[in-house]
Amino acid sequence: MKSSLPDCVTRIPINFANGVREHVRLGPKIYETVKGKLSLGARIVQRGGVKKIFKQLFMVSEREKLLKASQCHLSTTAGPIAGLLFISTEKVAFCSDRSLTFSSPNGGIIRTPYKVVIPIKKIKRVEESENVDKPKQKYIEIVTVDHFDFWFMGFVNYEKAFKFLQQAMSISNQ
């Protein structure tokens, strides 16, 4: 049976569409979230791609390879923080889309991105989870050997992010 869509239009997979909806839903306002994503896309292009951004933001060894970068939110006690999750052969790293503002001891204002770095060798386990009431809301929990846990949510493509986390874990165990 032939599709009723014109040749120039492609179908968006349902999982991807749900991921985009979930990612946007976690933002404060749809307008601000879309504006932030466009700004993030422009920064990625200006800086030469996600690999260059990863190398600029985090110390990267020569043998380390970036496997995947995913837009998501990190759950914090202050609420979800939007950013990029970088999955490499040696670490899982997160950097917020927007800088956080702090007061400095001398009364000035300091703006810095929210960053998290978890060495792969320090990860005890990676767990999949979903909201029982809303199964489309999926989470990834990373538990470290020193009993810290990090919750990531609102992935545009949850399945790919989880697959690459599993891949990074298996590479480090070799």
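Guide: We'll take those topics in turn. This is a predicted model, where local features need pLDDT of at least 70, side-chain atom pairs count only at pLDDT 80 or more, and totals for chains, interfaces and linings use all residues. Residues are numbered from 1 along each chain as its sequence is written, and side-chain values use heavy atoms, with hydrogens and water left out.

Visitor: How many residues are in the largest nonpolar core?

Guide: It has 24 residues, and Ile-140 and Ile-142 have the most contacts inside it. A nonpolar core here is a set of buried Ala, Val, Leu, Ile, Met, Phe, Trp, Tyr and Cys residues joined through side-chain atoms within 4.5 Å. Buried means under 20% relative accessible area, exposed over 50%, partly exposed in between (1.4 Å probe, protein chains only).

Visitor: Which element gives the largest share?

Guide: α4, with seven residues. Helices (H or I, at least four residues) and strands (E, at least two) are DSSP runs, numbered from the N terminus.

Visitor: What is Ile-140 in contact with?

Guide: Leaving aside neighbours within four places in sequence, its partners include Val-126, Trp-151, Phe-162 and Leu-165. Contact means heavy atoms within 4.5 Å.

Visitor: Switching topic. How many disulfides?

Guide: Zero, counting pairs of cysteine sulfur atoms within 2.5 Å.

Visitor: And Cys-72, buried or exposed?

Guide: Cys-72 is buried, at 0% relative accessibility. Cys-95 is buried too, at 7%.
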